[in-house]
Amino acid sequence: MPCFTVAGDVFEALPQYCLGTAAVRGIDNHKTRERIAALLDRRVQEFAQAHAGENVRDLPGVKACREAFQALGMNPNKFLCSIEALAKRVQKGGQLPHINPIVDMGNAFSLQYLLPMGAHDIAKMDGGISVRFSTEEDRFLPMGEETPESMPAGELVYVSGHTVKTRRWIWRQSGDGKITGETSCVFFPIDAFRGVNDAQALQARDELAALLREEFGCEAVTGWVDREHPTFEF
């Protein structure tokens with residue numbers, strides 16, 4: 001059974017790091033789903049209205065990610081965490097395109113709960129996926145490129161085998177990790193911090209799983225990963 005694991009030294013660097021997790025199999029991600037499209041549009045509008053003119057870096061969840069980036073030696077002004085980048089995009093443009101149901105769901109829940117939410121194609125994994133510090137054996141395929149690039153050692157990444165799915169933790173997804181209409185099995189990590197937004201991560205996880213079950217008619221399994229429980233089997 002594949003699993004998601006956070007390496008022990010990651011928790012040494014980020015002791016309060018935790019994640020809500022969900023996984024689903026057997027979905028049809030081809031066709032447009034009006035309920036999900038409408039949900040994304042509504043969350044975009046709500047976020048734009050609630051945070052107009054606000055500096056999103058001061059929002060608790062975004063601030064916690066920025067502080068974690070700094071603790072890891074990554075410049076949060078140069079490498080925006082995914083939720084900060086998404087929030088600023090909405091502030092600037094007031095809308096997000098509809099990509100496919102799974103991507104739209106991730107964006108909708110991220111905006112609603114101000115949490116980084118990933119989506120990884122289980123079929124493209126090498127036995128599972130983990131959050132760990134990179135090695136020089138790892139490789140990353142940038143979006144739109146055909147040739148993987150080598151990785152420096154010591155960068156926090158989402159990785160499967162030696163294929164990096166997301167560089168600089170929650171900064172940039174690889175072309176290999178792209179969710180498409182052909183994707184039928186998905187793992188969702190929801191990154192959070194105890195004492196800051198762990199309650200929101202739990203609520204987002206449960207609501208996401210419920211919507212997956214209702215909309216796609218298949219079972220979604222959920223879990224929780226933290227320092228005491230570093231593994232989620234799916």
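**View 1. Packing of the buried face of helix H6 in a predicted model.** In this predicted model, the buried residues of helix H6 pack against strand S2 (17–24), helix H2 (34–50), H5, S10 and strand S11 (220–225), where contact means heavy atoms within 4.5 Å. The buried residues of H6 are Ala201, Ala204, Arg205, Leu208, Ala209, Leu211, Leu212, Glu215 and Phe216, buried being under 20% relative accessible area, exposed over 50% and partly exposed in between, with a 1.4 Å probe and protein chains only. They cover an arc of only 165° around the axis, which puts them on the same side of H6; the arc is that of the directions from the helix axis to the C-beta atoms. Residues are numbered from 1 along each chain as its sequence is written, and side-chain values use heavy atoms, with hydrogens and water left out. Because the model is predicted, local features need pLDDT of at least 70 and side-chain atom pairs count only at pLDDT 80 or more, while totals for chains, interfaces and linings use all residues.

**View 2. The length and the end of helix H6.** Helix H6 has 19 residues (residues 198–216), which at 1.5 Å a residue should span 27 Å, and its end C-alpha atoms are 27 Å apart, which agrees. The expected span is 1.5 Å times one less than the number of residues, and helices (H or I, at least four residues) and strands (E, at least two) are DSSP runs numbered from the N terminus. H6 is followed by glycine 217, whose phi is positive, near 65°.

**View 3. The largest pocket.** About 930 Å³ of space lies in the largest pocket, a pocket being, on a 1 Å grid over the protein atoms alone, an open set of points where a 1.4 Å probe fits, with protein on both sides within 12 Å along at least five of seven lines. Of the 31 residues that line this pocket, the closest to its centre are Ser82, Val103, Asn107, Met117 and Gln173, and lining residues have an atom within 4 Å of a point. The elements giving two or more residues to the lining are helix H4 (82–93), helix H5 (101–113), strand S9 (172–173) and strand S10 (186–193).

**View 4. Valine 6 in strand S1.** Valine 6 lies in strand S1 (residues 3–6) and is buried, with a relative accessible area of 2%. Leaving aside its neighbours within four places in sequence, valine 6 is in contact with Phe11, Tyr17, Leu19, Val131, Val225 and Pro230.

**View 5. Glutamate 84 in helix H4.** Glutamate 84 lies in helix H4 and is buried, with a relative accessible area of 0%.

How values were computed: Grid points are joined across faces, edges and corners, and a volume is the space filled by probe spheres set on the points.
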